[in-house]
Amino acid sequence: QVQLVESGGGLVQAGGSLRLSCAASGRTFRNYAMGWFRQTPGKKREFVAGINWGGGSTRYADSVKGRFTISRDNAKNTVYLQMNSLKPEDTAVYYCAADPGRTSQPTVDDNEYDYWGQGTQVTVSS
């Protein structure tokens, strides 16, 4: 129905930068919030950043504030996550997710997101 595909992950050294992209295809929604989550083996999926439909409302996990920036281009059905000053603890599989119908502040609750990508690996070496 809706496919989300992440790209841009890779191996970087501490202090480096990456930009992740998430492209939506198939049936898409006129109004939907988008979020980025990350997960490491044996740990709970963690909220990273979220953005509303209009792009004017964003929120971030405390651990990434000042380092990561989320943005979107609705004409391209794409959301981005710019990651700067990367740390080894940022190493994880990063997932994008869509929350249909939400036009206000994005939620940090992963249960509220209906569609998920397969993830892209980010590895930060020290």
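1. Basis of the comments. Because the model is predicted, local features need pLDDT of at least 70 and side-chain atom pairs count only at pLDDT 80 or more, while totals for chains, interfaces and linings use all residues. Numbering starts from 1 along each chain as its sequence is written, and side-chain values use heavy atoms, with hydrogens and water left out.

2. The sheet. Four strands form an open sheet in the order E1-E3-E8-E7, with antiparallel pairing. Strands here are DSSP runs (E, at least two residues), numbered from the N terminus, and two of them pair if DSSP finds at least two bridges between them. Strand E1 (2-7) and strand E7 (68-73) are the edge strands, each pairing on one side only. Neighbouring strands are turned by 15 degrees against each other on average, direction ignored; the axes are lines fitted to C-alpha atoms, and angles run from 0 to 180 degrees between N-to-C directions.

3. The E3-E8 pair. Six bridges join strand E3 (residues 18-26) to strand E8 (residues 78-83) in the antiparallel sense. Leucine 20 has leucine 81 in E8 as its bridge partner.

4. Asparagine 77. This residue lies in the loop between E7 and E8. Asparagine 77 is partly exposed, at a relative accessible area of 25% (buried is under 20%, exposed over 50%, partly exposed in between; 1.4 Å probe, protein chains only).

5. Serine 85. The loop between E8 and strand E9 (92-100) contains serine 85. Serine 85, not a glycine, also has a positive phi of about 50 degrees, and its relative accessible area of 41% makes it partly exposed.
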